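Work through the exercises below with the sequence and the structure in view, and try each task before reading its solution.

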Amino acid sequence: MRLTETADVWWKNAVVYCLDVETFFDTDGDGRGDLRGVSQRIDHLAELGVTCLWLMPFYPTPDRDDGYDITDFYGVDSRLGTHGDLVELITLARDRGMRVIADLVVNHTSDKHPWFQSARSSRQSPYRDWYVWRDEPPPDGDKGIVFPDQETSLWEYDEKAGQYYLHRFYKHQPDLDITNPEVRDEIMRVIGFWLRLGLSGFRVDAVPFLIDPSGSLDATELPDPHDYLRDLRAFLSRRSGEAMLLGEVNLSYKETRSFFGDEDGDELTMSFDFIGMQKLYLSLARNDPAEVTKALRERPDPPEEAQWGTFVRNHDELTLDKLTDEERQEVFDAFGPEESMQLYGRGLRRRLPPMLGNDPARLKMVYSLLFSMPGTPVLFYGEEIGMGENLAVEGRNAVRTPMQWTADANGGFSVAEPTDLTAPLPDGDYSPEHVNVASQRRDPDSLMSWIKLLAQRYRECPELSWGECTVLEHESPSVFAHRSDCEGGTIVAVHNFAAEPARATLAIAGAGVGVRAVDLLCDGTEDIGPDGTFELDLEPYGCRWLRVIRPGDRYIV
């Protein structure tokens, strides 16, 4: 069997769509989206070409961190629905060829979690050792703070407990002690529970923190933190051979590669390409693809059945922490010049369309690049219609506003009063009146129609996800061109980063006589000369995908 025809590694060419249940669609009129709402809009995702639905946390929570502060890892928040609603959603998704994964947030709990409430009540509590305690915080307790505008230390004194506890994130999110075998076993049970209900895997939150034993007094019990990640993956595979782990690892390429495991890939199944995302924004700021080219050449290959997750936007701020201070300032100047557009001095709390001036050609070029780069594309809800942010909303939640379905009141998201919505909608050019699903479904030139086409072509071109990628040299500095080859097939993708037309002469090694390149995103054919070269003309921010057709090929194009 050809590698590209195997279904048990479905993540290699999936189209992943991330959504927050409470901002997607409200069916009971309380102003908050719910699981039944996602079910009612599942055909929108199927029409878009989504093959994997990623649900942000739906667990019971005080909701002080958008659901990432959890009080029950086995529960469903009653404001969002029931276990039955979740199973129904998973079933409906499966009927449409779509798998469902969910956030696995087990680095920490809410301070309202019964485990922590018991742990702080007594040193004899069976849950005391499930958290990391110190009589005095270490001297470097202020290093590595994730939210520098909110916290001043990683350690918080608890009056009732009489000790300090570790919290990598907010003080209301105490860290679990990953070196405790009981904690590790409990996390396995959590994974097994949700797999049994039909999930096909997890997006693992804050992976480096999850396996980092520093701060624990018993760190010597876990000499190799990656052993735990291997155990998680092995357990997952035993329970479900098709399940996957998509990791949030924002480290250097070399460090991130280690989280895939050995050459067989025995740790994470997928990992986000944070560096590629940051270099993309630097290239966009410069109208020059050189940084994208550099990142792609430096990015290590994952194990054969593992994959990089590529993205333009996610649910957090767009972190730029791997850029130099000067490079970061370039991106800020181009896309977030006002302080209100930035977060923590390291990232942007904006969506792509406002950053690019809502330029249709430039937007389409960026998403074409996302789908054609080697990796699995991950979309954040609302990207398909070009939603904007609402900077009046605090912090990261500026990009987590309700989905805009129609031009009606509340964007068709809810019949509640606007003041009761989980977050206020954007206004101006990005209000539902101007940006919504209903109008774009009827417009063949809309961004949504474009992304549907990209998803379809991406799924038809296994070379893009399975193939060997080669950056093509040429004479045009504003053009990024690469080819992907797999099992005799070749796809060439070309993107112009400039606001001016460009021409590039490309060479396809070993093309031979009678070879042509057929456009996949529009009608067109380019003859490739006997020497393997051909010229491409690109409009401002233009993009083209071409399949190389050799004599005797039987591709449908």
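**Exercise 1: the surroundings of Leu19**

Leaving aside neighbours within four places in sequence, Leu19 is in contact with Phe24, Val38, Leu45, Leu53, Trp54, Leu55, Met56 and Tyr381, where contact means heavy atoms within 4.5 Å. The model is predicted, so local features need pLDDT of at least 70 and side-chain atom pairs count only at pLDDT 80 or more, while totals for chains, interfaces and linings use all residues. Residues are numbered from 1 along each chain as its sequence is written, and side-chain values use heavy atoms, with hydrogens and water left out.

**Exercise 2: a buried lysine**

Find where Lys12 lies, and work out which side chain of opposite charge is nearest to Lys12.

Solution. Begin with the sequence, where Lys12 lies in the segment before β1 (16–19), strands being DSSP runs of E with at least two residues. Next, note that Lys12 is buried, that is, under 20% relative accessible area with a 1.4 Å probe and protein chains only. Finally, look at the backbone oxygen of Ala306, which lies 3.1 Å from a polar atom of the Lys12 side chain.

**Exercise 3: the length of a helix**

Compare the reach of α5 with its expected span.

Solution. Helix α5 (residues 181–196) has 16 residues, and the expected span is 1.5 Å times one less than the number of residues. From first C-alpha to last, α5 reaches 23 Å, close to the 22 Å expected.

Definitions and conventions. Helix = DSSP H or I, 4+ residues; strand = E, 2+ residues; numbered from the N terminus. Buried < 20%, exposed > 50% of the residue type's maximum accessible area, 1.4 Å probe, protein only. Lys, Arg positive; Asp, Glu negative; His and termini not counted. Salt bridge = Lys/Arg side-chain N within 4 Å of Asp/Glu carboxyl O. Polar contact = N/O pair within 3.5 Å; in protein donor to acceptor, adjacent residues only side chain to side chain.
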